[in-house]
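We will go from pair to pair.

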Amino acid sequence: MSADNTTGSTLAVIVGGTPVPLANNQILDGFTVNGANTVFTVPTTGKYLISYDINVTAGLLVSSAVYRNGVAIASSTISPIVSVSKYAATFLVNLTAGDTLQLTLFGLLATAVLQGGVGASMTVVELS
């Protein structure tokens with residue numbers, strides 16, 4: 001599964017989390033996605049390699065993570081101690097059919113403006 005945000009969206013980040021919409025260049029390969037293009041449902045149980053990138057136009061002191069079923073996956077979490085404009089992580093995780101995945105910014109109130117081009121992307125590859 002692969003999906004991007006190429007529109008330069010503006011996101012109002014809240015402490016509890018704001019999902020990043022990934023509406024462009026979707027290759028779902030069995031995954032399903034909600035109408036807001038923020039929640040992706042895993043089709044089969046297995047071990048997955050997940051990677052994501054978020055690129056904002058100005059440095060922010062917010063955190064990023066992939067949420068599984070509404071909870072941040074620890075190995076996906078980026079919590080900078082200084083403002084940054086690029087967030088990226090690659091990690092392995094076991095997922096169960098029906099799990100949901102959501103790329104999220106959280107931690108502080110902020111306005112995040114995604115860069116044009118590839119402002120955000122998430123790729124999920126089933127390994128076994």
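Select Phe106. This residue counts as buried, at 15% relative accessibility (buried is under 20% relative accessible area, exposed over 50%, partly exposed in between; 1.4 Å probe, protein chains only). The model is predicted: local features need pLDDT of at least 70, side-chain atom pairs count only at pLDDT 80 or more, and totals for chains, interfaces and linings use all residues. Residues are numbered from 1 along each chain as its sequence is written, and side-chain values use heavy atoms, with hydrogens and water left out.

Tyr67 and Phe106 pair edge-to-face, 5.9 Å centre to centre with 65° between the planes (ring centres of Phe, Tyr or the six-membered ring of Trp within 6.5 Å; planes under 30 degrees apart are stacked, over 60 edge-to-face, the rest tilted). Tyr67 sits in strand β8 (residues 63-68) and Phe106 in strand β11 (residues 100-106), 39 residues apart (strands are DSSP runs of E, at least two residues, numbered from the N terminus).

How many aromatic pairs does a search of the whole structure find? Two.

Next, select Phe31 and Tyr48. They too form an edge-to-face pair: 6.3 Å between centres, 80° between planes. Phe31 lies in the loop between β4 (24-27) and β5 (32-33) and Tyr48 in strand β7 (residues 46-60), so the pair ties together parts 17 residues apart in sequence. Phe31 is buried at 6%; Tyr48 is buried at 0%.

Last stop: Lys86 and Asp53. Their side chains form a salt bridge, 3.2 Å from N to O (a side-chain nitrogen of Lys or Arg within 4 Å of a carboxyl oxygen of Asp or Glu). The whole-structure search finds one salt bridge. Lys86 is partly exposed at 49%, and Asp53 is partly exposed at 27%.

Conventions. Helices (H or I, at least four residues) and strands (E, at least two) are DSSP runs, numbered from the N terminus.
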